[in-house]
Amino acid sequence: MGKIELRRFFQTEHIDDIFNKAVTRKDGILLPLEVEISLVDTCTRHCKFCPRDNDAVAPNTSLRMTPKLYKDIAKELKELGFKGLLMISGYGECLLYDDVVSVIKEFNFTKVDVTTNGDLLTREKIQSFKDAGVHRILISVYEPDKMDSFRELTKGYEDIVIIRNRFEHFDRLYNNRGGALYEQKKEGTCYYPFYIMMVDSNGDVYPCCHEWQRRLKMGNLYQKSLWDIWTSEDYKRIRNELIKGNRSLFPCRICNVDGTLRGEQNIETHIK
């Protein structure tokens, strides 16, 4: 299956259009194409294919991203001229956060997507997200019998809602979450650190959204700027190894994510 077919399969074709228009540089260095933020560290579910099912790996906690942190992130991204995707998703169910609307509004200078399992979604929330300027609401559906109810719930909002079938072709849809579920190495290059920045609710930054064990930390946004972390020696070291196909770093050496679906266009200025 080619990259175009895979993007269609994952129902993320709309991201390509954002990325194609998001190329922004500072000092000759490309900014991330996507910044993902995790507003909460808890979920409404314990799915077997998710590290949340194992309290030893990803226990539910009371951590919440502070308004100061997401406002500081928005301020710096705006100053940098960021035009990529701000993804509200991360390590928990984002609709457990008290005020997602305010977060969407804070990033109104760029495209904002919200990913949810839909457990807490209502028509009122959909409308409030639309009014706030959300680009897309991605609903991940894990039970076949819920597809019709989500279609009914989102009727009239088809322009901003994508209902994603997550119960078929399980072997293609899911991975080992950076080795957090089980260990299985994937050989070859990975582009994630070239185009993604993952921000946890406490300000910790990771080079990949699959880093569920949260041990490969690049820095913390309470201590360093987003730009300083993005251009740090730690980020550079990971990029230089992965572009050579060297996955010896943890957790890359036990991760089975392909990592080449997107981001190739962002490698040029990061490799010397």
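Tutor: Buried means under 20% relative accessible area, exposed over 50%, and partly exposed in between, with a 1.4 Å probe and protein chains only. Buried residues make up 56% of the 272 residues in the chain. This is a predicted model: local features need pLDDT of at least 70, side-chain atom pairs count only at pLDDT 80 or more, and totals for chains, interfaces and linings use all residues. Residues are numbered from 1 along each chain as its sequence is written, and side-chain values use heavy atoms, without hydrogens and water.

The C-alpha trace spans about 50 × 40 × 40 Å along its principal axes. Contact means heavy atoms within 4.5 Å. Among contacts between residues at least 6 apart in sequence, 73% join residues at least 24 apart.

Now the sheet. The chain has ten helices and ten strands. Both are DSSP runs numbered from the N terminus: helices are H or I with at least four residues, strands are E with at least two. Two strands pair if DSSP finds at least two bridges between them. Eight strands form an open sheet, ordered 7-6-5-4-3-8-9-10, with mixed pairing. Strand 7 (161-165) and strand 10 (219-220) stand at the edges. Each has a single partner strand, so one side of each is left without a neighbour in the sheet.

Look at one pair inside that order. Strand 3 (residues 34-37) and strand 4 (residues 85-88) pair in the parallel sense, over four bridges. There, I37 stands opposite I88 in strand 4. Strands of a sheet pair through backbone hydrogen bonds, either parallel or antiparallel.
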